[in-house]
Amino acid sequence: MVRINSDYGKLQGSYLFSTIAKKVGQYSEEQPDRKIIRLGIGDVTRPLTPAVIKALHEAVDEMGEEKTFRGYAPDLGYDFLRKAICDNDYRSRGCDIGQDEIFVSDGAKPDSGNIQEIFAKDDRIGVCDPVYPVYIDSNVMAGRTGDYDIKSGRYAGVVYLDCTKENGFCPDLPEEDCDIIYLCSPNNPTGTALTKDRLQDWVDYANKKGSVIIFDAAYEAYISDEDVPHSIYECEGARECAIELHSFSKNAGFTGLRLGYATVPKDLKREGVSLNTLWARRHATKYNGAPYIVQRAGEAVYSYEGRKEIRGLVDYYMENARVIRSGLEKAGYEAYGGVNSPYIWMKTPEGMSSWDFFDYLLREANVVGTPGVGFGSCGEGYFRLTAFGSHENTREAVDRICRL
Ligand code: PLP
């Protein structure tokens, strides 16, 4: 009889967002007349922009003509998109990254879950606490985390990098060694971002220890502070120790369209093996390329019109972030983030637990957020609100919270 992967049994509970959906569903059944405002899940709400829609239509028409029809896409992405990425996200920022170091994919979530496959099973991972859950869960499935301890809420074989009010929610270098380090900046869920100096410390650490940093830059478009780097390759030595993940989801609204990319520099080698070659092999074996029409849409994001429109989207959400953060602060709450990111990380009032505050807000204000503890034990006593709603709903939600 077949045996299953017993490591799946170590995964904790149901995925955070399905628990939230269940609670909200129950409440809506009890109180069908209440207007619930959702500032919980990090999905966008604005539609795709005109430049993207135009590119999609044109590409669809091409697919209907014998002469311009395209079958399987190149595994690593079409050259037109890899070039646009390279020119706009790297060269224009002075980062030394080549087109053949870019691997087009269907998003940063799959990449952040899959990238661990190229590392040894006994490599130790280091993750921030609180953390985007995919980094840990994908390693649990791969048998890299050891057993879960209910009391501490942590896996025995993982190095946790505490992100607390004391360190400004930016992880300090660890005392214990870790081999694969996941960093996300601007950060989900805390909304804070690493300055170039802080990130340089991590790059220096990784090069000294032989670790590899998986740098998730999914929220890069939201950066406004000058001293926050848009790419880890702005740091010296990052080509030798870092893989960077990007997404078209949060800047251009591709959450339903699906597009992202991973950057794996050719200088990144461990045990004499190029990780660029390993990732190319893995990609070619398990992935048949992002759809042509979606890659054309991605190219349009970098056009003159596209860049202007995407700026408009980001500005729209960041206006919400400003409204949430300033509203909460005026009402006496402690709030962080929302400056270089669309997430606001608030302290729950009067020592309430994250889930108690979730229930309180749902029932008393009909507003849905995300309990911080769902992202790790350091998130207990915190709560995440997202800026991805409409202006109207965001203002109403903030008014309701402030009236409590
Ligand atoms: N990385 C982080 C840190 C995220 O918060 C998210 C989505 O919420 C993703 C990746 C997912 O990106 P994508 O939609 O490209 O898979």
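Buried means under 20% relative accessible area, exposed means over 50%, and partly exposed is whatever falls in between (1.4 Å probe, protein chains only). This is a predicted model, so local features need pLDDT of at least 70 and side-chain atom pairs count only at pLDDT 80 or more, while totals for chains, interfaces and linings use all residues. Residues are numbered from 1 along each chain as its sequence is written, and side-chain values use heavy atoms, with hydrogens and water left out.

**View A. Glu 350 and its positive phi.**
With a relative accessibility of 83%, Glu 350 counts as exposed. Its phi is positive, about 50 degrees, although Glu 350 is not a glycine. To find Glu 350, look in the loop between strand S14 (343-347) and helix H11 (354-365). Helices (H or I, at least four residues) and strands (E, at least two) are DSSP runs, numbered from the N terminus.

**View B. Arg 258, another residue with positive phi.**
Arg 258 is not a glycine either, yet its phi is positive at about 80 degrees. The loop that holds Arg 258 runs between helix H7 (249-252) and strand S10 (260-263). Arg 258 is partly exposed, as its relative accessible area is 28%.

**View C. A patch of negative charge on the surface.**
Asp 197, Asp 201, Asp 204, Asp 225, Glu 226, Asp 227 and Glu 236 gather here in a negative patch on the surface. Patches are made of residues with over 30% relative accessible area and no salt bridge; like charges are joined within 9 Å, and nonpolar side chains (Val, Leu, Ile, Met, Phe, Trp, Tyr) within 5 Å. The accessible areas come from the Shrake-Rupley method with a 1.4 Å probe, and for residues only the protein chains shown count as cover. For the bookkeeping, Lys and Arg are positive and Asp and Glu negative, with His and the chain ends not counted. Each charge is placed at NZ of Lys, CZ of Arg, CG of Asp or CD of Glu. Among the patch members, Glu 236 sits in the loop between strand S8 (212-216) and strand S9 (242-247). Glu 236 counts as exposed because its relative accessibility is 68%.

**View D. Asp 7, Lys 10 and Asp 147 in a salt-bridge network.**
A network of salt bridges links Asp 7, Lys 10 and Asp 147. A salt bridge here is a side-chain nitrogen of Lys or Arg within 4 Å of a carboxyl oxygen of Asp or Glu, and the structure holds 25 of them. Between Lys 10 and Asp 7, the N to O distance is 3.1 Å. Asp 7 is buried, given its 11% relative accessibility, whereas Lys 10 is partly exposed at 26%.

Arg 400 and Glu 396 are both in helix H12 (residues 391-403), 4 residues apart, or about one turn of the helix. Their side chains meet in a salt bridge of 2.7 Å, N to O. Arg 400 is buried, with 12% relative accessible area, while Glu 396 is partly exposed at 28%.

**View F. The Asp 162 and Arg 154 pair.**
The side chains of Asp 162 and Arg 154 form a salt bridge too, 2.7 Å from N to O. Asp 162 has 35% relative accessibility, so it counts as partly exposed.

**View G. Two cis peptide bonds.**
Asp 129 and Pro 130 are joined by a cis peptide bond, with omega about 5 degrees. Pro 130 belongs to the loop between strand S3 (125-129) and helix H5 (134-141). The bond from Ser 185 to Pro 186 is cis as well, and its omega is near -10 degrees. Pro 186 lies in the loop between strand S7 (180-184) and helix H6 (196-209).

Thr 370 is in strand S16 (residues 370-371) and is buried, with a relative accessible area of 0%. From Thr 370 to Leu 385 is 15 residues in sequence and 6.6 Å in space, C-alpha to C-alpha. Ala 55, part of helix H2 (residues 50-63), is buried at 11% relative accessibility. Ala 55 and Gln 295 are 240 residues apart in sequence, with 9.4 Å between their C-alpha atoms.
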